[in-house]
Amino acid sequence: MLRFLLRRLMVAIPTLFVVITVAFFMMRAAPGNPFDLDRKLPPEIEANVKKKFHMDEPVVVQYGRYLAGISHGDFGPSLKYQDKSVLQVLKENYRVSLTLGLSAIIFASIIGVTLGILAALRQNGALDYGVMAIAILGVCISTFVTAPLLQLVFGSKLGWLPIAGWDNGAVKNLVMPVIVLSLPQIAIISRLTRAGMIEVLHSNYVRTARAKGLPEHRIVTRHALRAAILPLVSYLGPACAGLLTGSLVVEKIFSLPGLGKFFVISALQRDYTVVMGMVIIYATLILCLNLAADLLYAALDPRVRVT
Amino acid sequence: MTAYSLNPNPLSGRRDQLVEGAAVKGRSLWDDARRRLMRNRAAVTSMVVLIVLVTAAIVGPYLTPYSYEEINKNDVWLPPLANGHLLGTDSLGRDLLARLLIGLRVSLAIGIVATSVSLVVGVIWGATAGYIGGAVDEVMMRIVDVLYSLPFIFFVILLMVTFGTNIVLIFVAIGAVEWLTMSRIVRGQTLSLKQKEFIEAARANGLDRGAIVRRHIVPNLLGPVVVYVTLTIPAIILAESFLSFLGLGVQPPMASLGTLIANGAQDMELAPWLLIFPSVTMVATLMCFNFIGDGLRDAIDPKDR
């Protein structure tokens, strides 16, 4: 187990390093710079500002300086938000995305797995077709169709929920964004669970469990579910990374101050350090969650040996 | 099989078999798959609907009485069926039907072109990595990992600020991301194909690596790849809509399903038809692709049913 972890980390760390390098040079290769304002700065001031952020040095030197910084956790100062470090800026914006993302993942997993199991138990029954219809619709109706429709119905027509805004994370403001974010996930999760469950329910060990006379609910929850959610585990890793780093569309439609929108603004303003910070967080999340998924996979399936 | 070893002349048995087989006329795997696909009602209906949609997207824009960019200040916010505008008009008095048809055309074109790009790159990359294996495989797959770990929107914004927004760029950005999954699927399939006897036989016959990949590996990848393609097209149409929705995609007066929905959402209380018709069109298109993809998967790989 430990060897597996170490070996995976040995691969993950160089990967992260290459991601940082590629992102750094791509960012610098793009035209424009953070001090390209509508109102041109006097050349002396611009030179001074650049000097302050070491942007007068050759790019390679800046790159070395940046790597040295992040190797001990210093992501540098933000180039746009004065007197704030990247970590401070990200911390201020992280809460919204974290709250939304986590709620959506948990909500979608609970609903999706439940629907998937029910559909599999009643394969080809009315319930099964209902769930599969939801699953197909959930994949095809994108968030920017469901979001305005929900706003129209529950926000302006019925007036039950606020149309948009964050309001310090009030539950009322969270309901619609979380539902909109969850719907496509529910669709995929229920499909994966159903497919896995159907396969497992036909396997020999489930037949053995039935032959022993175990009650159906025990067979499903104790024996079948473990193996049935395996495909789900490998799906959820990257999906979580996507949700946790903010969903642009939902943030935009519901005017939420989340990371996704913030990332776009920072990239457009060439706030190099903030963008790099976000890229690093995203890449680290993807790599870690994939690793976690593999470990969980091994824990759930005794046939998989991690060595 | 054991009968052969007892038979003094093993080839005679084989010959009889061949002659018999010719008389019965065997069904190939693809015949079987087509038969199963044709029995799948959802898939067949989807194919018919999709053909209608594609035809409408190709021919439609030439037949509408109004052009998609014609601004008419006297006819703004017309509801459907008013004044000869079948689906109504938008805030600039442009005919929604004309815009919808052109938008459908743009979205379908982006979906198909970007999928083809990701198909070619993904299949070549995955098949090469999987077949050669070893260090080459390791390096090629690490490159895929790196690209996977960069946020999609990061590519798009950098491309946009470097080259400005245009449609070709959207193809490139979406294609750059979509081939990754394709290459992973293809590599996995290649790894398992490599162990099969017929590859061994080809190698024994002295075929070189390139020819084996081209003639034996790639044709046998077709099944899973076809399925994945039908699921990639809707994914790309969605991705394009997201970009357009965020203002990073197709630029006005051109339209795509994404821009139409985005504009419709802004005015949904005043003119709900501007949101409803594009949304319905997009959902119908995506559903068709998904049903066909599912049908193909069931047809080609019957053990999944």
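Helices here are DSSP runs of H or I of at least four residues, numbered from the N terminus. All views show a predicted model.

View 1. A:Phe4 has 15 C-beta neighbours inside 10 Å; because a residue needs 20 or more to be buried and 12 or fewer to be exposed, A:Phe4 counts as partly exposed. The C-alpha atoms of A:Phe4 and A:Leu291 are 10.0 Å apart, although 287 residues separate the two in sequence.

**View 2. The largest nonpolar core.** This core holds 150 residues. The members that touch the most other members are A:Phe144, A:Val275, A:Val279 and B:Ile261. Helix α5 of chain B (residues 96-132) supplies the largest share of the core, with 17 residues. In soluble globular proteins, nonpolar side chains tend to be buried together.

**View 3. Contacts of B:Ile261.** Neighbours within four places in sequence are left out of this view. From chain A, B:Ile261 is in contact with A:Phe144 and A:Val145. Its contacts in chain B are B:Ser241, B:Phe245, B:Leu275, B:Pro278, B:Ser279 and B:Met282. B:Ile261 and A:Phe144 are both among the core residues that touch the most other members.

**View 4. Helices of chain B.** Chain B contains 12 helices and zero strands. Read from the N terminus, its elements follow the order α-α-α-α-α-α-α-α-α-α-α-α. Of its 305 residues, 41% count as buried. Among contacts in chain B with a separation of 6 or more, 67% join residues 24 or more positions apart.

Conventions:
Residues are numbered from 1 along each chain as its sequence is written. Chains are lettered from A and ligands numbered from 1 in the order in which they are written. This is a predicted model: local features need pLDDT of at least 70, side-chain atom pairs count only at pLDDT 80 or more; totals for chains, interfaces and linings use all residues. A nonpolar core is a set of buried Ala, Val, Leu, Ile, Met, Phe, Trp, Tyr and Cys residues joined through C-beta atoms within 7 Å. Helices (H or I, at least four residues) and strands (E, at least two) are DSSP runs, numbered from the N terminus. Two residues are in contact if their C-beta atoms, placed from the backbone, lie within 7 Å.
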